[in-house]
Amino acid sequence: MEIVVCVKPIPDPETRLRASPDGTTLDAEGVKFVLTGYDESAVEQALLLKEATPGSKVHVVSAGPAPRTEEVLRASLALGCDAATWVELPPGVGLDPVVAARALGKAVSALPHDLVLCGKQAGDDEAGVVPGALGEILGVPDFGAVVDLRWDPGAARLRFQRSAEAGSETWEAPLPCVVALQQAWNDPRTAKLPAILKSRKLPIAKVASEPPPPDGGTSRAVKFELPPPRTGAKLIEYKTPEEAAQKLVKALREEAKVFP
Amino acid sequence: MPDFSLTPEQENLRDLARKFARTEMAPHAAECDRTSRFPEEIYRRAYELGLMNLNVPTEYGGSGLGLFDQSLIVEELAYACGGMTTSTIANCLALEPILLDGTPEQKERLLTPFCAEYHLASFALTEPSGGSDPGAMRTLAQKDGDDYLVTGEKCFISNAPNASLYTVFATIDPKLRHKGVTAFAVPRTAEGLSVGPDEEKMGHRASSTATVRFDRVRVPAADRLGPEGNGFSLAMRTLDQTRTPIGALATGIAQAALDHAARYSLKRETFGKPIAEHQAIQIKLATMAQAVQASRLLTWHSAWTIDRGQRGTFESSMAKCFASDTAFAVADQAIQIFGGYGYMREYPVEKLLRDAKLTQIYEGANEIQRTVIARELLRKYA
């Protein structure tokens, strides 16, 4: 099976973020970008399918600027992906998820692709548009919020679960298709040191991107703000649990006015 | 132009060590410290990730890293737990004599099967009557045909209860002093080799330490490392290679102490404001931060010097000595900033002081490091 997995470089959750000088986006200066959450689960799923299906290959694709995009591709190679393709976009381009999906779609359509895996949404903007747009661009069905994806070689069908209101659905689908995965339902592996060293020397195919649309796409980010600093935390000191409960109820009633 | 920035590869190695240290080591550090448990599952995991036999070339199944890369990893590990780090990197110390003076045949025979699976090794130099004076060594290696019969006792041996291989230093004749010291690789299974009980230690309690006794242990000449009488030089050259990571280990402990103290100082209030706003605390934090940074830079410089092919005795002794004294002093100041809480086992900083203490003693006590530094220094003026 030819598996393509699409990943996006996301600011390290431990990084302190700032708004860019023009206030429209994140200031990428000094920010470390990593493979996180949804994408880690997608890469893990791709590798599990490869291991369960002899003769499979996993090709990782990402669209974005240097050096962050190269870094997440190398991280994916270190985890066990077989090949990597980088659609180089200038900084700031691809913020519109449809523009990003077009860039990815062009690269994916040039590769053999039985199955295209994505995280169900990006860990930073959480737009969740790329998988659907990618299905549209590639002309194949797409499925969202999937867990426990398996390949049934006898029936030549994918089988997977989707969380639904008050339950869980089981689906099956033929290839080719796009599958967007839930985060962390599997246990993403950690790349080992020798694989990390090897990944630094592996080739990465570069694909030129289309010139971005002059208006930047169908949508445009106009403002980026960090959440306001949290205030009002109060530490309640106590000697016994009874005293803690009494003081807490008093504070909730008289200060926070949560209940009368 | 000297460059202090790390390569992307080095960033990756540091990130791997950081992730492992903070997600897999740190959650067990307090429990292992309290109960003196040897967390074998963590060491197995370190081996699987390639974080154990760091200095062994890849052709023998190790990670093949230079000292700079090793130092980046060791600092991250020690940030989470000094004791677990000691046990994780003890193989580097124990295998270094084989790397330095082993023949290609010995390296292939001893290292390749060892590194192919999870195994621990111990470096057995120190004796009950003294560690800093190997010339006074009493463990005897008597020639018997083509073999040697080794008899004696080695103490404070890291990982000894769990090791499958020991690099042992013994003398063919105590009267020869330094010139009699000879090194051997001895498997755990050798008849007459016995390991004492795990010692109760002040710190590094996730690591195991024991006495190893040799009662006429037969060692074939094929397992002698280098010629007879080569052992003292081999031990010194080994320590030249392994002191730098001890500087990194101490830097990791010191950085952890500084981070705990700085964060606490922003939360703890006295006289109506966070103690970080009191100059007395600011001066402490600033002094601690300077020493931690200087430790890291001495360690990096030592690693860089040795990675360029120089012996680096002067540089590595300075790094080990300064960083370990810093770790102790910074952990001490961190406890002071925490006040009464710092003295309590419930808080993490008193462990750092106990763990820091060992770094001033093992792999060459700091008194010996200063002797070495002075000797190297005065050589430049003589």
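Strands of chain A. I began with β7(A), which is joined by 5 bridges to strand β8 (residues 157-164) of chain A in an antiparallel arrangement; helices (H or I, at least four residues) and strands (E, at least two) are DSSP runs numbered from the N terminus, and two strands pair if DSSP finds at least two bridges between them. The model is a predicted one, in which local features need pLDDT of at least 70 and side-chain atom pairs count only at pLDDT 80 or more, while totals for chains, interfaces and linings use all residues. Residues are numbered from 1 along each chain as its sequence is written, and chains are lettered from A and ligands numbered from 1 in the order in which they are written.

I noted that A:Asp152 stands opposite A:Arg157 in β8(A), and that β7(A) and β8(A) form a hairpin with 4 residues between them, where A:Ala156 in the turn has a positive phi of about 50°. Strand β7 (residues 142-152) of chain A also runs parallel to strand β10 (residues 177-181) of chain A, with 3 bridges joining them, and A:Asp142 has A:Val178 as its bridge partner in β10(A).

Helix α10 of chain B. I looked up α10(B) (residues 366-379) and found 14 residues reaching 20 Å from first C-alpha to last, close to the 20 Å expected at 1.5 Å a residue, the expected span being 1.5 Å times one less than the number of residues. B:Gln369, B:Val372 and B:Ile373 are buried in α10(B). The buried residues of α10(B) fall within an arc of 100° seen down its axis, so they line one face of the helix; the arc is that of the directions from the helix axis to the C-beta atoms. The face turned away from the buried side carries the exposed B:Glu367, B:Ala374, B:Arg375 and B:Leu378.

Where the chains meet. I recorded 11 residues from chain B and 9 residues from chain A in the contact, two residues being in contact if their C-beta atoms, placed from the backbone, lie within 7 Å. Helix α1 (residues 8-35) of chain B gives the most to the side of chain B that touches chain A, with 6 residues.

Definitions and conventions:
Buried ≥ 20, exposed ≤ 12 C-beta atoms within 10 Å, placed from the backbone.
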